[in-house]
Structure formats: structure tokens, C-alpha cells
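Dear colleague,

Please find below the structure that I am handing over to you. My notes on it follow directly after.

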Amino acid sequence: MELKNRAQYLNKLISVQDMDVIKVVTGIRRCGKSSLLKLMMAHLRQQGVTEDQLLSMNFESMRFADLDGKGLYQYVMERAPQGKRFYLFLDEVQKITDWQNAVNSFRVDLDCDIYVTGSNAYLLSSELSTYLSGRYVEIKMLPLSFREFLDFHGYSLEAYKAPNGTVKQRAKGKDGEAYALRDLFEAYAQFGGMPGLAGAELEQERANMLLDGIYSAVVVRDILERGKHKEQRAVTDALLLRKIILFLADNIGNNTSAASIGRTLVNEGLLDNGRKSKPAVQTISAYINALLESYIFYEVKRFDIKGKDYLRTLGKYYIVDPGLRTYLLGNRGGDVGHILENIVYLELLRRGYEVAIGKVGDKEIDFIATKMNEKKYIQVTDNMNAPETRVRELAPLQAIPDNYEKIVIAMDCDLIQDVDGIQIIKALDFLLSET
């Protein structure tokens, strides 16, 4: 099967090639980490690296089921070439007990360049990162962006001149037919960006089968069977875990807390099987943390712009892929604003921004996106045409007392212009732009 390029991530790996750091690729299962390692190996071959200098091990394979850290060390050392640089690719390395001991030893005992992947954030917990002496660089991988989605599904972008003389973009399919970008975006919002879906031909039943495999692997292998970590509560109640997953998926972009989840689950009768009291806040927090560690959800904290401090009050949660949300809740239609908000959030992460929710007085800004010395305040809405919507979306940005960039990203907006220095950008233009 032909490997599709993920240039954004491959270029990051290439930029740190042969540097004295361990390259750690993290992200939810099946988002493309293994393929990225294969792309990197292909790049090395093009540079003249020979096969005896490359060793790839995927620890999902039963072939390595009995290995521990010592066994891994012995296996690699027996295959290391003499007098040549060695390139190690260790896929889903968290499945190996004491893997960090072996990896740390490779750095000392071999002339090698090490690449590892993991599907759980515990891979880089403070304990492990301390053990590795901080000598690693993390590349955070996400499912396909909208632009990548078009490429993976065989669509190419082309410019055309509209009757009014403006230059617009549309997509051309493998069949040579032209397709409206809005229609393809709606498919992206429904099916999501898991790379494996490219073979499902955007058919919901086939897509659900693939997504069910991903969901089961994350929930069963990465959460319920992972065992108890130090100073963590074990996650053992499969029913409670699923209810929390469904609640978070249904409430993307809403202010949420562990306490509010517990109250809602009880008040709406979503907990059964004889449970007579709501679960403790600490228990729900532990389950949420497990979901965050497995990269199925992301938490966004609130930041007080005037007070310049993070708040402990309600944050928000976003799901890693809109297709997983469709799989969990069904294709119900509606809720376009929150789905768009979720997609924009993921795109900001792909572009390297740290993202927070903004609070200014009693108003809220959807996202504060920061990177180096760059800062953007962003509002996201599905429709910017109604006067009352324009007032609502612009007011929080107008209340911010500094001069950093302010943007409204709108799915529908007939009039694109700056208002009081605030840019109004069409969502598809934003998602298809390179920066």
C-alpha cells in the first residue's frame, strides 16, 4: 500500500535527524505514527543509509510479546552494525516494561539515532522524562487536517475564476469532476481524519467498523487494561468510562467540570446498574485524565486576559477527531458551531500553537493562540451574517485592551471585511491556508 506523505510531521523529524535527542512521536492510535516512521526510514534510504543500519520493531506484534527492557536491549545490541550509525525505530514502545532503561542504554552504548512512538501520554510523564534526562523531542501527531483529508481521499485543489471575477478554490476528484469544498468539508466533519478511512470510500458503515476498532483499542487496551500507575486511581468501571466519553463527546466546546459531569449523569438518569450515588469528583477526574492521556480528548484551560492568569474554573474539552464523535453519537446534524470550533482547535494545535480559552470581564473568547512571541485572539462561529450574531461575536474581541491580532473564523459570511481591526475569515480559507 502506497504511503501518503505527512510532510508537516516528516519535516519535523528530518529537522532533528542525527541530533543527540530521542525523537518521540505521540498521538492517538491509528493517527499515522507507524506510517510516519516508515516515511522517515524511506527518507534515510534515499540519503544512502543501508538496510543493516535500520532496525524497526512494532511492539503490537506478538513477535515481541515476551520482551522486557533487558530483552529489548539484548535484541538490539545483537543486530547493531559495527562501525556504522544505527537507526532504531521502536513503535508503541510503552508496551515494553522498562523500555526507558533500554533506550537510555542505547544512547550510551551505541552510535545511534532513536525514534519511538507511543499512544499514551504516560510515556512522557514527569518520571520518565526525568529518567531520560530531558534528552528527547516530542512530535505531537494528530489525525488528518482538512487539507490532508482532501489529499488522502484523492482530491486536488484548483483555482478558478468566478463570474464576478474573483478567484476561488474548488476540488477536483480522481474522476476529474469538480466538487464544492463545502460539501467535502461536511464529509470531513462527519467522517473525520483517521488515515485508514481513505480506504472506506466515505461510507458510514465501513467507517464505523474502522472507528470501532480504534475506540476499542484506546478504551480497552490503553485505559481499562493499562493497570494502576503510581499515585493514580485505577480506571476499572467500563460503564462509567463510556458514559463520561459520551458526555464529553456531546459537550465539546461547552464549559465542563468533573463535578458538573457527575451531577448530569445522575440527574439525567445516565447511570444505572444499581448505582445509588453519583461517583466522586476524584473518580471522574481520574477517568477524564485517562482519556486525556490516551489522546482521545484534549482539555483547554481558561485564561483571564486582564488578570493574566489561568483560572481553575470550568474548562472545555475537544475530541481528537470529528469522525469519532459521529461514531459515538451518530450523524445527528446540527451543532455545526461546536464541530467547527473543535476542528479549528485541532488545526491550531497542528500549527504549533498553545491554546487557551480567554476571559475578559464577563465575556469569553473562544481561543487564545500563542506561539513564541505571536498571539491571536480567535472567535469561531458557523454564521456571521445575522446582525445580532456579528454583535455577539465581535463584542468579546472589542473588549480586549491590547493590540494583538484578533480574528473571527466563520463558516458562512457574506461580507468579508475588517471591523475595528478585527479580521473576518471564512473557515474554509483558514483551514486550507498553510499558516
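**Turns and positive phi values**

Methionine 372 is found in the loop between β12 and β13; helices (H or I, at least four residues) and strands (E, at least two) are DSSP runs, numbered from the N terminus. This is a predicted model, in which local features need pLDDT of at least 70 and side-chain atom pairs count only at pLDDT 80 or more, while totals for chains, interfaces and linings use all residues. Residues are numbered from 1 along each chain as its sequence is written, and side-chain values use heavy atoms, with hydrogens and water left out.

Methionine 372 has a phi near 55 degrees, a positive value in a residue other than glycine. With a relative accessibility of 83%, methionine 372 counts as exposed (buried means under 20% relative accessible area, exposed over 50%, partly exposed in between, with a 1.4 Å probe and protein chains only). Aspartate 98 also has a positive phi, of about 60 degrees, although it is not a glycine. Aspartate 98 sits in the loop between β3 (86-91) and α4 (99-109) and is partly exposed, at a relative accessible area of 40%.

β11 and β12 run antiparallel and are joined by six bridges; two strands pair if DSSP finds at least two bridges between them. Glutamate 354 has threonine 370 in β12 as its bridge partner. The two strands form a hairpin with two residues between them, and glycine 361 in the turn has a positive phi of about 65 degrees. β12 also pairs in the antiparallel sense with β13 (residues 374-383), over five bridges. Here threonine 370 has lysine 375 in β13 as its bridge partner. The hairpin of β12 and β13 has two residues between the strands, and methionine 372 takes its positive phi there.

An open sheet is formed by three strands in the order β6-β7-β8, with antiparallel pairing. β6 (156-161) and β8 (178-179) stand at the edges with a single partner strand each, so one side of each is left without a neighbour in the sheet. β7 (residues 167-172) pairs with β8 over two bridges, and lysine 172 stands opposite alanine 178 in β8.

Helix α7 (residues 181-191) lies across β6, β7 and β8 and runs at about 55 degrees to β7. For that angle, axes are lines fitted to C-alpha atoms, for helices over the stretch in contact, and angles run from 0 to 180 degrees between N-to-C directions. The buried residues in α7 include Leu181, Leu184, Phe185 and Tyr188. Glycine 192 follows α7 and has a positive phi near 80 degrees.

Glycine 323 is placed in helix α12 (residues 322-329) and is buried, with a relative accessible area of 0%. Leaving aside residues up to four places away in sequence, glycine 323 touches Gln190, Phe191, Gly192 and Leu211 (contact means heavy atoms within 4.5 Å). The C-alpha atoms of glycine 323 and glycine 193 are separated by 6.9 Å, although these residues are 130 residues apart along the chain.

Proline 279 lies in the loop between α10 (258-267) and α11 and counts as buried at 9% relative accessibility. Its C-alpha atom is separated by 9.7 Å from that of isoleucine 261, 18 residues apart along the chain.

**Pockets**

On a 1 Å grid over the protein atoms alone, a pocket is an open set of points where a 1.4 Å probe fits, with protein on both sides within 12 Å along at least five of seven lines; lining residues have an atom within 4 Å of a point. Grid points are joined across faces, edges and corners, and a volume is the space filled by probe spheres set on the points.

The largest pocket has a volume of about 1,000 Å³. It is lined by 36 residues, of which Lys140, Tyr298, Tyr345, Leu349 and Glu354 lie nearest its centre. β9 gives the largest share of this lining, six residues. By class, the lining of the largest pocket has 20 nonpolar, seven polar and nine charged residues (Ala, Val, Leu, Ile, Met, Phe, Trp, Tyr, Cys and Pro count as nonpolar, Asp, Glu, Lys and Arg as charged, and the others, Gly among them, as polar).

The second largest pocket has a volume of about 740 Å³. Of its 27 lining residues, Arg30, Gly32, Ser35, Pro195 and Gly196 are the closest to its centre.

With kind regards
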